[in-house]
Amino acid sequence: MVNCIGCLVPLKNVSGFFSAIEELADNTYLCNNCGVKTRDILKIMDVFHTGSFQNYSSFQIQELLAKGIRFEKFSDQLEGKYFVHLSQKPAIKKLFNALLDDENIIHASNAVYNNHSGVLLATERRLLFVGADSKISLPEIIDYDEVISVDLIEPVNHIKITTSENIFNFLEVLHEPEKCLAKIEEQIKLFKDKKLTESQPIQNNNEPSLFDILERLGSLRQNGLITDEEFAEQKKKILVQL
C-alpha cells in the first residue's frame, strides 16, 4: 500500500487500473481529488496541460498543490479583507501570477485605470494594477523608487501617482482610498529608506577615525616629534573632512 503524494491518503492496489489514481514519472501516485486540484492551479497559471501527469515528478506536483493553497489564501484575502469584487477573478489570477513567492499584500482595492476596471495592489516592493481584460505589462507595474508624488483627489476617490516619466490616474478607488494612499506613501518611504541604507558604505571599525588621528597628532606634538606648525597644518586638513 502506498500513499497519495498530495494528501497522503492510503491508496490500494496501485498495480491495477483505477481511474481515481494517477502514476507519476517517479513511480509515485496521485489520488483523483489531488489531481483535480493540480489541474485547477495549472489553469490559474495559464499552463497548457494534456490531462496526464505521467511527465510530472512528485516534487513538481507538491509544488503545484502548495501554490494552489497560496492562491486560495491570496484570493480570500483580496475578497474578504479588501472586498475586491468577485467579478475581478481574471485580474486576481493575473496578479497572483505576477507576485513573487515572498511578496506580501499591503493594500488592495477595485479601481479603474485607462478605462479598465481592475484591481490596484500595493505590496512592500511595488504597485500593480491589472484589469480583467488586460495583461501584466508596463505601465501597469510601478516601482516605488520611480515615484515622485502620490495625491488623493476627493471626493471622486481618485489617486494620482507621478513618476519621473508618467502620471498614473487610478479612478474610483473603492476600498478606503485615504488608507490606500497612506499605505502607498508609507511603503514608498520604507522602500527608499532601505535602499539608501543599503547603498551607504559600511565603515571599517578597524580603521582609525579622524578623531583618533587628531589625538595621535596631539601626542606627537607633546612628545616633540612634530612642531606646532605641522600639527596645525595637519589638523586643518582633518577638520575639512568632518
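Some ground rules. The model is predicted, so local features need pLDDT of at least 70 and side-chain atom pairs count only at pLDDT 80 or more, while totals for chains, interfaces and linings use all residues. Residues are numbered from 1 along each chain as its sequence is written, and side-chain values use heavy atoms, with hydrogens and water left out.

Overall make-up. The chain has 6 helices and 11 strands. Those are DSSP runs numbered from the N terminus: helices are H or I, at least four residues, and strands are E, at least two. The chain holds 242 residues, and 36% of them count as buried. Buried means under 20% relative accessible area, exposed means over 50%, and partly exposed is in between, with a 1.4 Å probe and protein chains only. Now contacts, meaning heavy atoms within 4.5 Å. Take those with a separation of 6 or more: 47% join residues 24 or more positions apart.

Next, Thr-163. Where does Thr-163 sit? In strand 10, residues 158–163. Set aside neighbours within four places in sequence. Thr-163 then contacts Ile-142, Glu-146, Val-147, Ile-148 and Phe-168.

On to Pro-177. This residue lies in helix 4, residues 177–199. Beyond neighbours within four places in sequence, Pro-177 touches Leu-152, Asn-157 and Ile-159. Look at Leu-152. In sequence, Leu-152 and Pro-177 are 25 residues apart; in space, C-alpha to C-alpha, they are 7.7 Å apart.

Last, the cysteines. A disulfide is a covalent bond between the sulfur atoms of two cysteines. The rule here is a pair of cysteine sulfur atoms within 2.5 Å. How many disulfides does that rule give? The count is 0. Cys-7 is in no disulfide, and the nearest cysteine sulfur, that of Cys-31, is 3.7 Å away. Buried or partly exposed? Cys-31 is buried, because its relative accessibility is 10%. Cys-7 has a relative accessible area of 37%, so Cys-7 is partly exposed.
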